[in-house]
Amino acid sequence: MKVVAYTRVSTQQQTDTKIGLDSQREQIRKYCEFYGYELVQEFSDESKSGSSLKQRTGLQEALQYLREGKAEGLVVYSLDRLTRSLYD
């Protein structure tokens, strides 16, 4: 299955922590390799709050990629990197 990765940090301080963009990407790559997913594209947002989906260009690009049928799934490091609200 073809998937895209989405990573996000909401503050500059998170960039250098265990949930920094590079760490998230590495974990997503390992996850995809373990489950046999083909990671076809990576998208990210830096210093963006999780409160609004529409203000994050990286996420909007990832969703557009999915709408266009270029991938079948979205992989995130953890749900809180995607959104604060399960309703979204």
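Colleague: Which residue takes a positive phi just after helix 1?
Modeller: That's Gly 36, with a phi of about 75°. Keep in mind that this is a predicted model, where local features need pLDDT of at least 70, side-chain atom pairs count only at pLDDT 80 or more, and totals for chains, interfaces and linings use all residues. Residues are numbered from 1 along each chain as its sequence is written, and side-chain values use heavy atoms, with hydrogens and water left out.

Colleague: What makes the pair of Tyr 31 and Tyr 35 tilted?
Modeller: Rings of Phe, Tyr and Trp (its six-membered ring) pair if their centres lie within 6.5 Å; planes under 30 degrees apart are stacked, over 60 edge-to-face, and the rest tilted. A search of the whole structure finds five such aromatic pairs. In the one formed by Tyr 31 and Tyr 35, the centres are 4.7 Å apart and the planes sit at 50°, so it is tilted. Both residues lie in helix 1 (residues 21-35), four residues apart, or about one turn. A helix here is a DSSP run (H or I) of at least four residues, a strand a run (E) of at least two, both numbered from the N terminus.

Colleague: And why is the pair of Phe 34 and Tyr 35 called edge-to-face?
Modeller: Its planes are 80° apart, with 4.9 Å centre to centre, so it falls in the edge-to-face class. Tyr 31, Phe 34, Tyr 35 and Tyr 37 form one aromatic cluster.

Colleague: Why does Phe 34 count as exposed?
Modeller: Buried means under 20% relative accessible area, exposed over 50%, and partly exposed in between (1.4 Å probe, protein chains only). Phe 34 has 67%, so it counts as exposed. Tyr 31, at 37%, is partly exposed, and so is Tyr 35, at 47%.
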